Amino acid sequence: MVMATTTSTAAHTSLASVTLEVANPEAARRFYSAFGVDTYIRLRASEVHSTGFRGFTLALTVSGPATVDGYVAAAVDAGATVLKPAAKSLWGYGGVVQAPDGTIWKIATSAKKDTGPATREIDEVVLLLGVEDVKATKQFYVGRGLTVAKSFGGKYTEFASGASSSVKLALYKRRALAKDLGVPADGTGSHHIVLGSTADTFIDPDGFAWEAAA
């Protein structure tokens, strides 16, 4: 498979923030502080109904298996549910947990062996949106001014990080993402996530809401 890399000079929009809509912001704040990811997200109260898979995951890339285990343990100790226990795979080592507010988090490393002690450092945070048509949604975002960093046909697209956000945005097939996370792909109602835009307010083809970042 050939990987296409494109660039754009019309960077009108970039991801500035990620806000999770939760029923209990104070409880969620305690969880995310204990988990160690509170600096990467914002929280907002919301009672909007949703069922099943919300269509996205937040993925942490870390240095080694011991660090993966440490983050999984911290999440579980704070009240998360394990969806996929941390284990080795062809690509590395990782596990999946679901926060008490319903948000799914994947913690992974490309390393299969530790080369040092566990740390609490995060190399990268990626917001993966599960979409029905990766190519069409990629073109929608390119039209909004986002720059494509990596693109693997109709399977995966990753956008260049904006200077204003510590979270990278990527697109993945919805059913493939759900399978990777170990959950059914079906879901209805709110995504319970709002993306902060450096430009204007809009909604993408899969219903993910962007608003002008404060």
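Residue numbers start from 1 along each chain as its sequence is written. Because the model is predicted, local features need pLDDT of at least 70 and side-chain atom pairs count only at pLDDT 80 or more, while totals for chains, interfaces and linings use all residues; side-chain values use heavy atoms, with hydrogens and water left out.

View 1. Helices (H or I, at least four residues) and strands (E, at least two) are DSSP runs, numbered from the N terminus, and two strands pair if DSSP finds at least two bridges between them. At one end of the order, strand 5 meets strand 6 (residues 93–98) in the antiparallel sense, over five bridges. Look for Lys84, whose bridge partner in strand 6 is Val96.

View 2. Contact means heavy atoms within 4.5 Å; axes are lines fitted to C-alpha atoms, for helices over the stretch in contact, and angles run from 0 to 180 degrees between N-to-C directions.

**View 3. The largest pocket, with a volume of about 840 Å³.** Of its 31 lining residues, Trp91, Lys106, Ala108, Leu128 and Asp180 are the closest to the centre. Helix 4 gives the largest share of the lining, five residues. The lining divides into 16 nonpolar, seven polar and eight charged residues. On a 1 Å grid over the protein atoms alone, a pocket is an open set of points with protein on both sides within 12 Å along at least five of seven lines, a cavity is a set where a 1.4 Å probe fits but cannot get out, and lining residues have an atom within 4 Å of a point.

**View 4. Leu146 and the largest cavity.** Leu146 sits in the loop between helix 3 (134–143) and strand 9. Leu146 is buried, with a relative accessible area of 4%; buried means under 20%, exposed over 50%, partly exposed in between (1.4 Å probe, protein chains only). Not counting residues up to four places away in sequence, Leu146 touches Thr13, Ser14, Tyr141, Phe159, Leu169 and Trp210. The largest cavity holds about 50 Å³ of space, and its lining includes Ser14, Leu146, Phe159 and Leu169. Strand 11 gives the most to this lining, with three residues.

**View 5. Strand 1 and its pairings with strand 13 and strand 2.** All eight of the eight residues of strand 1 (residues 15–22) are buried. Strand 13 (residues 193–197) pairs with strand 1 in the antiparallel sense over five bridges, and Leu20 has Ile193 as its bridge partner there.

Conventions
Points joined across faces, edges and corners; volume = space filled by probe spheres on them. Nonpolar A, V, L, I, M, F, W, Y, C, P; charged D, E, K, R; others polar.
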